[in-house]
Amino acid sequence: MNRTTLSLLAAATALAAVTGLAAVTAPDADDTAATAKTAARLPVERSSLLCPAPSTSELAETVYTSFTPGGTTGGGTGGAAELAPSVAPLDDTEDAAADEKKTDEETADDPANDDSAKDDEAKKPAADGADAKVKPFLAVKGPGKPVSATKNVADAPALVGSATGALAPGWTTQQTTTITAGESRALYGMSCTPPDTDFWFPGASTDKSRQDYVHLTNPDDTAAVADVALYGKEGTLKSSTGEGIPVPARSSVPVLLSTLTAEVEPNVTVHVSTRTGRVGAVVNAAEEKAGGDWLAASADAVPRAVLPGVPEDATSVRLVVFAPGEDDAELKVQLAGKSGTIVPATAGETLNVKSGMTASLDLGDVTKGEAGSVIVGPAEGGRETPVVAALRVVRGKGTDQEVAFIPATGPVTERATVADNRAKGSTLSLTAPSGTGKVKVTASAGSEGGAQVVKTYTVKGGTTQAVTPPVPTGLKGSYALTVESESGGPVYAARTLDETKDGVPLFTVQTLPDDRGMVSVPATKEDLSVLK
């Protein structure tokens with residue numbers, strides 16, 4: 001995801017204003033080191049999350065779990081963290097476009113539209129402050145204890161919300177949907193996403209065996225306009241409908257990828273960008289005979305990508321990589337396992353990725369009974385070309401297969417959290433690709449009872465530890481896991497949920513990027529808070 005320097009500077013300026021500091025000024029070259037030393041680390045005071053509509057299946061059961069970790073330095077007290085249904089759900093982009101173009105005058109002038117006018121009124125973008133009128137579906141009471149709620153209906157809406165004050169730093173929400181029968185049976189899991197303006201999704205597909213929808217959710221009181229571009233093995237896929245997709249205020253629009261192009265590609269990279277406004281974006285991928293899962297956006301393009309959390313019993317692993325810049329990438333693919341890092345025999349010597357084209361590599365049953373993490377970096381002598389990447393992972397065989405996706409993720413630089421862990425069926429994967437790292441893992445109190453437990457892990461450089469995470473004492477309900485960096489090299493993390501239904505190994509994997517609950521506020525040369 002793309003977060004520009006300007007947006008970070010704006011955030012720092014806002015925080016400085018709240019704390020009574022001066023407006024932010026760029027330091028002179030000679031002052032750079034001094035500024036770095038005196039920059040304050042302050043907690044964010046507001047964060048936003050968006051959860052897409054979970055499923056259209058009548059057999060779907062969706063559990064939402066929301067949590068804010070405790071112990072944030074300078075976090076203060078008070079605040080709220082609430083998620084509520086979006087007030088203008090739409091079924092497809094055609095409805096969205098029609099609602100955007102239709103005016104009150106057109107409806108009023110046509111007496112035949114009396115009944116439809118009522119429906120259109122319900123679908124109108126929310127006015128300013130409308131979120132205060134929508135009853136919250138899920139609300140965190142205080143840091144350190146998760147809250148959960150369940151929806152068992154096929155038309156469960158998208159959720160939008162924000163956290164303020166002491167509940168903002170590190171706020172996270174997990175959406176887990178279980179479908180135990182029918183062609184769509186699967187375990188769909190995702191961490192609800194913050195809004196942004198740019199997303200990359202390697203690992204999507206327009207193949208006839210797949211039904212991939214990119215869900216665009218707008219949290220704001222004004223409409224957003226998004227572009228969806230698709231890239232296959234030969235470059236851009238032709239599309240006449242992917243540009244200028246309207247996303248009305250406080251609404252969610254699912255877009256079926258195969259309707260954007262006539263070209264059939266098994267491995268596609270999706271690029272979502274906004275012309276105006278911001279959205280949350282995530283891909284729902286359903287596959288014939290192999291279930292499905294949510295495909296979250298890859299981390300920002302980097303020369304070295306880490307994809308943690310490949311299960312020990314994976315029967316098929318496919319790596320999908322895309323180079324969004326102007327340069328080609330020549331990559332080495334490695335697997336970091338329990339004992340160290342190797343180059344799998346199925347990876348070959350190098351993976352060549354042409355600029356603007358999607359490349360894929362089938363790694364087969366690469367883990368061979370030992371959980372691991374895939375690491376992608378420049379081949380020996382190759383240039384450091386930024387790439388985005390994701391894995392398609394399959395467990396089971398024959399008709400008892402289940403698929404999940406693992407996007408490239410960033411390290412836990414300070415803290416990361418994932419909610420909806422259970423007493424059984426949770427696995428935490430920790431990998432330290434470049435040097436030994438030490439992390440502290442906190443299992444929160446349970447949603448219905450129990451006391452937190454803390455455990456420390458040391459991960460040797462070049463290895464992956466797949467552990468059963470600590471469980472709260474006297475656990476009732478579900479709980480959250482918070483990973484904090486303590487010392488050493490960078491550690492990357494992922495959590496796997498799994499359960500077996502009728503012989504099918506259902507599972508879903510969520511990565512744990514840093515929660516960015518703290519932000520650096522640059523020091524200033526003068527205090528303008530005293531000026532009048």
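# Exercises: a sheet and its rings

Strand E26 covers residues 388–395 and runs antiparallel to E27, with 6 bridges joining the two. The model is predicted.

**Exercise 1.** Find what stands opposite arginine 395 in E27, and which ring arginine 395 lies over.

*Solution.* Glutamate 402 in E27 stands opposite arginine 395. Now turn to the ring. Arginine 395 lies over the face of phenylalanine 507. The distance to the ring centre is 5.1 Å, and the cut-off for a charge over a ring is within 6 Å.

**Exercise 2.** Work out which strands stand at the edges of the open sheet of 4 strands.

*Solution.* Write down the order: E24-E20-E26-E27, with antiparallel pairing. Then look at the ends. E24 (358–364) and E27 (402–407) each have a single partner strand, so one side of each lacks a neighbour in the sheet. These two are the edge strands. From one strand to the next, the twist averages 20 degrees.

**Exercise 3.** Classify two of the 5 aromatic pairs.

*Solution.* Take phenylalanine 199 and phenylalanine 201. Their ring centres are 6.3 Å apart and their planes stand at 15 degrees, so this pair is stacked. Both residues are buried.

Next, take tryptophan 200 and tyrosine 231. Here the centres are 6.1 Å apart and the planes are at 40 degrees, so the pair is tilted. Tryptophan 200 belongs to strand E10 and tyrosine 231 to strand E12, so the pair ties together parts 31 residues apart in sequence. Tryptophan 200 and tyrosine 231 are both buried.

Ring pairs link Trp200, Tyr231 and Phe322 into one.

Key
Residues numbered from 1 in each chain as written. Predicted model: local features only at pLDDT ≥ 70, side-chain atom pairs only at ≥ 80, totals over all residues. Heavy atoms only, no water. Pairing = 2+ DSSP bridges. Axes fitted to C-alpha atoms, helices over the stretch in contact; angles between N-to-C directions. Phe/Tyr/Trp six-rings, centres within 6.5 Å; stacked < 30°, edge-to-face > 60°. Buried < 20%, exposed > 50% of the residue type's maximum accessible area, 1.4 Å probe, protein only. Lys NZ or Arg CZ within 6 Å of the ring centre and 35° of its normal.
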